[in-house]
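Take a walk through this protein chain, one stop at a time. Keep the model in view as you read.

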Amino acid sequence: MIEEIEYIKPKLHLFICCNERGKDSPLKISCSPTITAENVAEVKKWIVEHGLYREILITKTGCLGKCTSKGGVILSYPENKYYLGIQNTKEIIEIIQKKLN
Ligand code: FES
């Protein structure tokens with residue numbers, strides 16, 4: 001039986017690409033290894049430590065279609081913006097802090 005429940009819209013929902021292409025991929029570039037599941041885990045840990053888990057959702061994703069050789073890609077809701085060229089966990093946390101202010 002399918003259950004239907006209320007969706008409480010978060011203040012911020014970040015979709016963080018951790019896609020890693022194989023060496024043989026014709027597309028060559030991908031967000032991982034610059035941004036990996038480990039970075040996402042660190043961000044989630046920071047969110048919990050700061051009591052923000054009800055306001056901020058983080059979802060690890062595959063390719064978001066904006067691949068760049070400059071770094072990782074994040075899609076942010078509800079502002080509907082991409083952040084390109086992310087280098088590390090600190091930069092992801094900075095995006096969150098900027099959106100909360
Ligand atoms: S591999 Fe991350 S946006 Fe394409």
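Start at Lys-28. This residue counts as exposed, because its C-beta atom has 10 C-beta neighbours inside 10 Å, and a residue with 12 or fewer is called exposed. Lys-28 sits in the loop between S1 and H1. Its phi is near 60°, a positive value in a residue other than glycine. Why point that out? Most residues other than glycine have a negative phi. Keep in mind that the model is a predicted one.

Asn-80 is found between S3 and S4. Its phi is near 55°, again a positive value in a residue other than glycine. Is Asn-80 buried or exposed? It counts as exposed, because it has 7 C-beta neighbours inside 10 Å.

Now step back to the whole chain. The secondary structure comes to two helices and four strands. Read along the sequence, the pattern is β-α-β-β-β-α. The C-alpha trace spans about 45 × 40 × 25 Å along its principal axes. The chain has 101 residues, and buried residues make up 19% of them. Next, take the contacts with a separation of 6 or more. Residues 24 or more positions apart account for 53% of these.

Return to the loop between S1 and H1. Pro-33 has its place there. The peptide bond from Ser-32 to Pro-33 is cis, with omega near 20°. Most peptide bonds are trans. Pro-78 lies in the loop between S3 and strand S4, which covers residues 81-86.

Thr-34 lies in the loop between S1 and H1 as well. Is Thr-34 buried or exposed? It has 21 C-beta neighbours inside 10 Å, so it counts as buried. The cut-off for buried is 20 or more. Which residues does Thr-34 touch, leaving out those up to four places away in sequence? They are Gly-71, Gly-72 and Gln-87. Thr-34 and Val-73 are 39 residues apart along the chain, and their C-alpha atoms are separated by 9.9 Å.

Follow the contact from Thr-34 to Gln-87. Gln-87 lies in the loop between S4 and H2. Setting aside neighbours within four places in sequence, Gln-87 is in contact with Thr-34 and Gly-71. It counts as partly exposed, because it has 13 C-beta neighbours inside 10 Å. Gln-87 and His-50 are 37 residues apart along the chain, and their C-alpha atoms are separated by 22 Å.

Next come the two helices. H1 runs over residues 37-49 and H2 over residues 89-100. They pack at an angle of about 40°, with their axes 9 Å apart. The two helices are therefore oblique to each other. H1 passes H2 in a right-handed crossing. Which residues meet? From H1 come Asn-39, Glu-42, Val-43 and Trp-46, and from H2 come Thr-89, Ile-92 and Ile-93. By class, this contact has four nonpolar, two polar and one charged residues.

Ile-92 leads on to the nonpolar core. The largest such core has 15 residues. Those with the most contacts inside it are Ile-16, Cys-17, Cys-18, Ile-35, Ile-58, Ile-74 and Ile-92. Which elements each supply at least two residues of this core? They are strand S1 (12-17), H1, strand S3 (72-77) and H2. Ile-92 itself touches Ile-16, Asn-39, Val-43, Ile-74 and Ile-86, not counting residues up to four places away in sequence.

The last stop is Lys-11, in the segment before S1. With 13 C-beta neighbours inside 10 Å, Lys-11 counts as partly exposed. Apart from neighbours within four places in sequence, Lys-11 is in contact with Glu-55 and Ile-56. Lys-11 and Arg-54 are 43 residues apart along the chain, and their C-alpha atoms are separated by 8.6 Å.

Conventions
Residues are numbered from 1 along each chain as its sequence is written. This is a predicted model: local features need pLDDT of at least 70, side-chain atom pairs count only at pLDDT 80 or more; totals for chains, interfaces and linings use all residues. Axes are lines fitted to C-alpha atoms, for helices over the stretch in contact, and angles run from 0 to 180 degrees between N-to-C directions. Angles under 35 degrees count as roughly parallel, over 145 as roughly antiparallel, 65 to 115 as roughly perpendicular and the rest as oblique. A crossing is left-handed if the near helix is turned anticlockwise from the far one by less than a right angle, and right-handed if clockwise. Two residues are in contact if their C-beta atoms, placed from the backbone, lie within 7 Å. Ala, Val, Leu, Ile, Met, Phe, Trp, Tyr, Cys and Pro count as nonpolar, Asp, Glu, Lys and Arg as charged, and the others, Gly among them, as polar. A nonpolar core is a set of buried Ala, Val, Leu, Ile, Met, Phe, Trp, Tyr and Cys residues joined through C-beta atoms within 7 Å.
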